[in-house]
Amino acid sequence: MQILLAAAGLLHWVNSRILAIGRWIGIIALAIMVCLILGQVFFRYALNDAPNWTEEGARFGMLWMTGLVAPLAYRMGGFVAIDMLEAALPKLLAGLLGVVLLGISLWVLFIAWDRGLNNHVDTLSGRGCSSSLRWPFGIEIGKCGAKFQNNYQYSALWVGVNLLILVNIELIIRQVVTLLGQGDRLPVIRHNALAGAD
């Protein structure tokens, strides 16, 4: 039991800090995305000359925002869930069902981890160069020179899957500890990070 409690405490500490940083990066990515879209609309309709990189830049921000904020929402219970069966079962069976469902989720996340790495980040399209998104001030980095490499965008969701795996493992351990009657010894996951999501 002490090992499970120590693992839960360590994962709680790691996830709390990583997800707090990811939350702020996600907020910044969202702000940049909104500015780029509004700029695109202004340039297209007011000046009749829209820059071609703003759409790809907004997509870049959306991918990183999703990859960094989805694990936080998952940890806080912010995903859509159908819990009629869980509510109808006795507490012990509901807890066991929760462990099984989290285990299935972990299996799916491991498949997504492999597919994300091998089918997106480390592929021909992932190693390719962006069609319009360039580094500012003419900076040249890597084989694409002044253009962004596509895997900078594709890696956002792969990073998100890694964070989802960490969160999922923490939730499994928390569920097992709760089933063993020691749930009151677990650190509390603060829900105020998602103000207004309740």
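Ile-139 is partly exposed, with 39% relative accessible area; buried means under 20% on this scale, exposed over 50%, and partly exposed in between (1.4 Å probe, protein chains only). Ile-139 sits in the loop that joins β1 (129-134) to β2 (147-149). Leaving aside residues up to four places away in sequence, Ile-139 touches Gly-145 and Ala-146, where contact means heavy atoms within 4.5 Å.

The model is predicted, so local features need pLDDT of at least 70 and side-chain atom pairs count only at pLDDT 80 or more, while totals for chains, interfaces and linings use all residues. Residues are numbered from 1 along each chain as its sequence is written, and side-chain values use heavy atoms, with hydrogens and water left out. The mean pLDDT of the chain is 82, and 90% of its residues reach 70 or more; pLDDT is the predictor's confidence in each residue, from 0 to 100. Residues 193-198 have pLDDT below 50, and this stretch makes five contacts in the model beyond near neighbours in sequence.

The chain contains five helices and two strands, in the order α-α-α-α-β-β-α along the sequence. Helices (H or I, at least four residues) and strands (E, at least two) are DSSP runs, numbered from the N terminus. Of the 198 residues, 35% count as buried. Among contacts in the chain with a separation of 6 or more, 70% come from residues 24 or more positions apart.

UniProt, in an unreviewed entry, places the feature "transmembrane region" at residues 21-43, 63-85, 92-113 and 155-173. UniProt positions are given in the numbering used here, feature names are shortened, and annotations may be inferred rather than shown by experiment. Residues 63-85 are 65% helix and 0% strand, with their end C-alpha atoms 33 Å apart. Residues 155-173 are 100% helix and 0% strand, and their end C-alpha atoms lie 27 Å apart.

How do two packed helices get described? The angle between their axes and the distance between the axes are used. The axes of α2 and helix α5 (residues 151-179) come within 8 Å and cross at roughly 5 degrees. Axes are lines fitted to C-alpha atoms, for helices over the stretch in contact, and angles run from 0 to 180 degrees between N-to-C directions. α2 and α5 are therefore roughly parallel to each other, given that angles under 35 degrees count as roughly parallel, over 145 as roughly antiparallel, 65 to 115 as roughly perpendicular and the rest as oblique. The contact of α2 with α5 has 15 nonpolar, six polar and four charged residues. Here Ala, Val, Leu, Ile, Met, Phe, Trp, Tyr, Cys and Pro count as nonpolar, Asp, Glu, Lys and Arg as charged, and the others, Gly among them, as polar.

Glu-170 belongs to helix α5. Is Glu-170 buried or exposed? Glu-170 counts as buried because its relative accessibility is 0%. Not counting residues up to four places away in sequence, Glu-170 touches Leu-11, His-12, Asn-15, Arg-75 and Ile-189.

Two loop residues complete the tour. Asn-48 lies between α1 (2-45) and α2 (54-75). Its phi is near 55 degrees, a positive value in a residue other than glycine, and at 70% relative accessibility Asn-48 counts as exposed. Asp-83 lies in the loop between α2 and α3 (84-88) and is partly exposed, with a relative accessible area of 45%. The C-alpha atoms of Asp-83 and Ala-94 are separated by 9.6 Å, the two residues being 11 apart along the chain.
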